[in-house]
Amino acid sequence: MKKAFVCGWPIHHSKSPIIHQYWLNELSISGKYSKIPVEPETFSSFIRSIAEHGYVGGNVTIPHKQAAMQNVDHLDQAAREIGAVNTIWLHENKIWGGNTDWIGFVENLDQNCFGWDKKSENALVLGAGGAARAIIYALKFRGYKNIYLANRTLERAEQIKQDFGQSIIPIEIPAIKDIITRQDILVNTTSLGMDSLNPMPELILDSISEMKSGSLVTDIVYTPLETELLKTAKINKLNTVDGLGMLLHQAVPGFEKWFGVKPKVTTQLRDLVLSR
Ligand code: ATR
């Protein structure tokens with residue numbers, strides 16, 4: 001039986017086991033995917049011992065995504081450029097680290113807003129943490145020319161410009177209203193609006209009403225599924241895509257690497273995750 005894991009600290013809230021166990025059952029694969037609480041102090045020794053413990057790989061989540069960069073033998077290109085690892089697998093006795101968050105972002109929009117990258121001119125990203133880095137990688141990959149990056153702490157946005165290049169334009173939050181009319185897509189990558197774990201303040205963006213018709217608003221927050229940001233965007237007749245699909249789609253490449261079959265993101269899976 002093949003075994004995979006998700007490790008983090010804390011880890012009890014993770015929905016990844018629901019997703020992978022669903023696919024294992026659907027595809028009649030004899031495998032197991034479990035949550036493992038791993039404290040930061042023991043993360044390195046945990047990763048180095050996965051083969052010994054019979055794992056074929058697993059997912060890495062908060063707070064280990066950056067630390068994983070130094071604890072694998074090889075990185076895929078996305079992990080190297082994003083600066084974070086969320087998926088680990090073994091290949092020829094070596095530990096590989098990859099990043100599939102950006103794939104989750106792209107596939108979610110491909111599935112739910114066909115043609116979202118057709119114009120790929122201007123994007124506005126809110127937030128400059130790890131999630132923002134994966135999304136900026138995705139937006140660049142799909143050809144976005146100008147990526148405005150608004151963050152409470154401007155220095156973090158400036159650091160991203162250093163890492164990702166001239167297409168990144170760091171701006172202060174109040175400057176959003178000056179550039180919002182030009183945006184083809186707006187992405188919230190901050191935890192604002194999240195109502196689980198520790199509830200966060202809402203993300204209120206009045207100037208969203210000035211976005212041009214046909215543009216897309218998407219949120220990585222999926223608890224609640226319809227955030228205030230998405231609600232406001234809908235009221236203003238903009239296209240919207242919620243964040244749950246990103247979580248589901250980022251899981252696909254890992255499952256395929258560990259268990260050898262590419263699984264499908266279906267409405268049934270989505271409903272199952274929502275119900276738990
Ligand atoms: P992740 O890796 O999940 O992206 P992170 O690195 O902690 O998490 O980043 C969280 C993002 O949410 C950051 O952009 C953060 O802004 P700062 O860089 O200024 O900290 C943003 N964020 C979190 N709480 C916020 C709040 N109350 N108001 C505005 N931005 C907030």
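This briefing covers a central strand, the nonpolar cores and the ligand site.

The model is predicted: local features need pLDDT of at least 70, side-chain atom pairs count only at pLDDT 80 or more, and totals for chains, interfaces and linings use all residues. Residues are numbered from 1 along each chain as its sequence is written, and side-chain values use heavy atoms, with hydrogens and water left out. Helices (H or I, at least four residues) and strands (E, at least two) are DSSP runs, numbered from the N terminus.

**Strand β7**

- Strand β7 spans residues 122–126, and five of its five residues are buried, so the rest of the structure largely encloses it. Buried means under 20% relative accessible area, exposed over 50%, and partly exposed in between (1.4 Å probe, protein chains only).
- Both faces of β7 are covered. N122, L124 and L126 lie on one side, with A123 and V125 on the other.

**Partners of β7**

- β7 runs parallel to strand β8 (residues 146–150), joined to it by five bridges. Two strands pair if DSSP finds at least two bridges between them.
- In this pairing, A123 stands opposite I147 of β8.
- β7 also pairs with strand β10 (residues 185–188), again in the parallel sense, over four bridges. Here L124 faces L186.

**Nonpolar cores**

- The largest nonpolar core has 31 residues. Such a core is a set of buried Ala, Val, Leu, Ile, Met, Phe, Trp, Tyr and Cys residues joined through side-chain atoms within 4.5 Å.
- W102, F105, W116, I136, L139, I147 and I185 touch the most other members.
- Elements giving two or more residues to this core include β7, β8 and β10. Helix α5 gives the most, with seven residues.
- Leaving aside neighbours within four places in sequence, W102 is in contact (heavy atoms within 4.5 Å) with A78, I82, A134, Y137, A138 and F141.
- Another core, of 21 residues, lies apart from this one; I11, L248, A251 and V252 are among its members.

**Ligand site**

- An N or O atom in the R152 side chain is 2.8 Å from a ligand oxygen atom.
- For R156, a polar side-chain atom lies 2.9 Å from an oxygen atom of the ligand.
- G130 uses a polar backbone atom, 3.1 Å from a ligand oxygen atom.

Note on methods. Polar contact = N/O pair within 3.5 Å; in protein donor to acceptor, adjacent residues only side chain to side chain.
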